[in-house]
Amino acid sequence: MSIPNVALLARLVADDPRADSGKREVVVAADAITIDRCVAGVRMRIAAPVRSYRGVALSVQEGLRGFFYRLALVHADPDLDVILSEVESEAEVAPQWRAWAQFFGLPRLMRSLRGADKPVEQALGEVSATLPQPRRRGWPLKGRRSAISARRKAGAGGRVLPMHRGEREIICYE
């Protein structure tokens, strides 16, 4: 499923244990998320701007038929979290995750088993820190110094002659 670059309007029906009917209706748009539900006989509509969400989180859940992947729009208030997709295939979830994050302009997050969210760059950074880094090309001061002087090394500290205060140097020109 690819997400087009237009103001998509999607209507989702999600489970809500606090709602009277046990369901809530979610309208997903490019700039705002609207949640309609009825709690204790009071109908309410909550409209949250997309910029108030932290990111699009990927988590692995265990179900009756095995493991599945869940994509959710994560908010600081867990009641405002929106489940965007649940799939069983890893090949299906990666493009959806990338597309939803790009559509909303939010970072991709990895949700750990404890429920903590980490940005993908940070989560993958732990893995990529052990990988060899690419070779750096050039040298930052190369434009300022000639190639010969750039290769020249500093002298050894032991070869510097000591200078004594109060003494004069005697030079004889005979």
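Guide: A polar contact is a pair of N or O atoms within 3.5 Å, where within protein one atom must be able to donate a hydrogen and the other to accept it, and where residues adjacent in sequence count only if both atoms are side-chain atoms. The model is a predicted one, in which local features need pLDDT of at least 70 and side-chain atom pairs count only at pLDDT 80 or more, while totals for chains, interfaces and linings use all residues. Residues are numbered from 1 along each chain as its sequence is written, and side-chain values use heavy atoms, with hydrogens and water left out.

The contact in question joins the side chains of Gln96 and Ser85 at 2.6 Å. Gln96 belongs to helix α1, helices being DSSP runs of H or I with at least four residues and strands runs of E with at least two, numbered from the N terminus. With a relative accessible area of 6%, Gln96 is buried (buried means under 20%, exposed over 50% and partly exposed in between, with a 1.4 Å probe and protein chains only). Along the chain Gln96 and Ser85 are eleven residues apart, and 8.3 Å separates their C-alpha atoms.

From there we can turn to the largest pocket, with a volume of about 370 Å³. A pocket is an open set of points on a 1 Å grid over the protein atoms alone, where a 1.4 Å probe fits, with protein on both sides within 12 Å along at least five of seven lines, and its lining residues have an atom within 4 Å of a point. The volume is the space filled by probe spheres set on the points, which are joined across faces, edges and corners. Of the 18 lining residues, Ala14, Asp15, Asp16, Arg24 and Ile83 lie nearest the centre. Strands β1 (10-15) and β7 (82-87) each supply at least two residues of this lining, and β7 gives the most, with five. By class the lining has eight nonpolar, one polar and nine charged residues; here Ala, Val, Leu, Ile, Met, Phe, Trp, Tyr, Cys and Pro count as nonpolar, Asp, Glu, Lys and Arg as charged, and the others, Gly among them, as polar.

Asp15, one of the residues nearest the centre of that pocket, also forms a salt bridge with Lys23, the closest N and O atoms being 2.6 Å apart. A salt bridge is a side-chain nitrogen of Lys or Arg within 4 Å of a carboxyl oxygen of Asp or Glu, and the structure holds six of them. Asp15 counts as exposed because its relative accessibility is 58%, whereas Lys23, at 41%, counts as partly exposed.

Another of the bridges pairs Glu25 with Arg11, again with closest N and O atoms 2.6 Å apart. This pair links distant parts of the chain, for Glu25 lies in strand β2 (residues 23-28) and Arg11 in strand β1, 14 residues apart. Glu25 is partly exposed at 31% relative accessibility, and Arg11 is exposed at 62%.

A further bridge brings together the side chains of Asp79 and Arg18, at 2.4 Å from N to O. These two also link distant parts of the chain, 61 residues apart, with Asp79 in the loop between β6 (66-75) and β7 and Arg18 in the loop between β1 and β2. Asp79 has a relative accessible area of 29% and is therefore partly exposed, and Arg18, at 49%, counts as partly exposed as well.
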